[in-house]
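Hi,

Here is the model I promised to pass on. Have a look at it first, and my notes follow below.

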Amino acid sequence: MNTPKFKLFIVLGALLFVITLMIPSLVVLPFTEDQVTGKLGEQLKKEESPAETKVTSSGPVVEVAVFQMQKKQTVTLPLEEYIVGVVASEMPRDFEKEALKAQALAARTYIVNQMLKGNKSELPDGALVTDTIQHQVYKDDAELRRVFKDDYNWAIKKIREAVSETSGEIITYNGSPIDASFFSTSNGYTENPEEIWLMPLPYLKSVESPWDLESPKFAGQKVFTVSEFEQKLGVKLPEDSTIGNVTERTAGKRVGAVEINGKTIKGKDIRDKLGLKSTDFTWERKGDQIIINTKGNGHGVGMSQYGANGMAAEGKSYKDIIAHYYKGVEVTASDNILTKVLAKK
């Protein structure tokens with residue numbers, strides 16, 4: 001005869017047996033929506049290489065059309081990707097990141113200014129700029145791999161970080177993008193633009209740049225025969241051993257003008273005609289040769305790249321660098337200006 005306690009024992013035993021059978025199914029159930037492949041992390045996002053990691057901006061989507069001179073073709077690419085190619089081409093990759101960030105701002109400001117002006121310089125296929133010093137030097141990823149070689153991975157990673165950390169920022173003066181000129185190495189001072197381009201700009205003023213004295217590009221020398229010198233400058237040297245006298249100095253301590261046997265020549269014209277690295281030069285006549293020594297490398301207007309790197313090495317930020325080389329400017333978001341650019345299209 002079955003007692004109530006015995007019946008209860010049978011029911012509980014049966015229930016426990018059923019639960020024991022169901023537990024494995026309950027444990028597996030949440031994972032049955034995806035097939036099990038046996039490979040851990042199969043569904044994790046693939047880690048991108050430095051070259052695959054794109055620099056993006058939260059502002060308006062803007063593209064730049066660049067005419068590649070050697071390839072004779074126009075490529076169109078996102079603005080921030082263009083800035084990566086410019087910074088990688090215009091500034092040494094081993095420079096401090098804050099210097100690279102300052103370069104990114106200068107490069108972005110330049111191209112935004114070009115977009116705002118809408119000056120396409122009659123380039124093919126509607127290109128806005130070339131990839132040469134006529135505008136800004138730009139190299140695509142394949143070209144950078146060839147140039148950087150074994151340095152490519154770490155260099156492009158640092159450059160992309162510099163561009164990303166300044167994404168969308170430009171340099172403005174009274175609300176408008178500036179002419180963010182830059183050059184390699186000063187003679188210890190930057191130059192006023194009117195000495196080079198005959199047009200003063202309130203934010204481009206001569207400033208001290210003592211860091212440049214450590215630049216490997218600070219000193220230069222060229223040697224000419226007397227006849228080469230005379231032919232290139234269109235002058236006739238005196239019969240004695242003299243050459244000429246400096247009659248004018250610029251704000252940047254460079255040669256403003258020289259008088260040679262009754263003819264006055266601008267320092268910038270001498271630099272251009274003789275292919276000198278700088279307008280800060282001295283010369284000496286030895287027999288049939290004229291030896292010219294220079295200080296600095298480039299036109300000298302705006303931001304010195306080696307000066308920027310020297311400032312960064314001392315702990316200065318990219319905004320400190322910008323404030324030193326461009327007077328009275330602000331670092332601002334480019335969104336409003338880029339919206340105007342898009343509205344023109």
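There are 11 helices and 14 strands in the protein, where helices (H or I, at least four residues) and strands (E, at least two) are DSSP runs numbered from the N terminus. Bear in mind that this is a predicted model: local features need pLDDT of at least 70 and side-chain atom pairs count only at pLDDT 80 or more, while totals for chains, interfaces and linings use all residues. Residues are numbered from 1 along each chain as its sequence is written, and side-chain values use heavy atoms, with hydrogens and water left out.

Of the 345 residues, 45% are buried, meaning under 20% relative accessible area with a 1.4 Å probe, protein chains only. The exposed surface comes to about 19,200 Å², and carbon and sulfur atoms supply 54% of it; those areas are from the Shrake-Rupley method with a 1.4 Å probe. If you take contacts (heavy atoms within 4.5 Å) with a separation of 6 or more, 69% of them join residues 24 or more positions apart.

Now the inside. The largest nonpolar core has 60 residues; by nonpolar core I mean a set of buried Ala, Val, Leu, Ile, Met, Phe, Trp, Tyr and Cys residues joined through side-chain atoms within 4.5 Å. Tyr82, Ile83, Ile111, Met115 and Tyr326 have the most contacts inside it. Helix 3 (residues 97-117) gives the most to this core, with 10 residues. Leaving aside residues up to four places away in sequence, Met115 touches Val62, Glu63, Val64, Leu79, Leu128, Leu338 and Val341. A second, separate core has 18 residues, including Phe224, Leu237, Val255 and Ile265.

Val255 also turns up in a sheet: in strand 9, Val255 stands opposite Arg249, and Ala257 stands opposite Glu248. Strand 8 (residues 245-249) and strand 9 (residues 255-260) pair in the antiparallel sense over four bridges, pairing being called when DSSP finds at least two bridges between strands. Their hairpin has five residues between the strands, among them Lys253 with a positive phi near 60°.

The open sheet has three strands in the order 8-9-10, with antiparallel pairing. Strand 8 and strand 10 (263-266) are at the edges with a single partner strand each, so one side of each has no neighbour in the sheet. From one strand to the next the twist averages 25°. Helix 8 (residues 267-274) lies across strand 9 and strand 10, at about 80° to strand 10; axes are lines fitted to C-alpha atoms, for helices over the stretch in contact, and angles run from 0 to 180 degrees between N-to-C directions.

Cheers

Definitions and conventions
Buried < 20%, exposed > 50% of the residue type's maximum accessible area, 1.4 Å probe, protein only.
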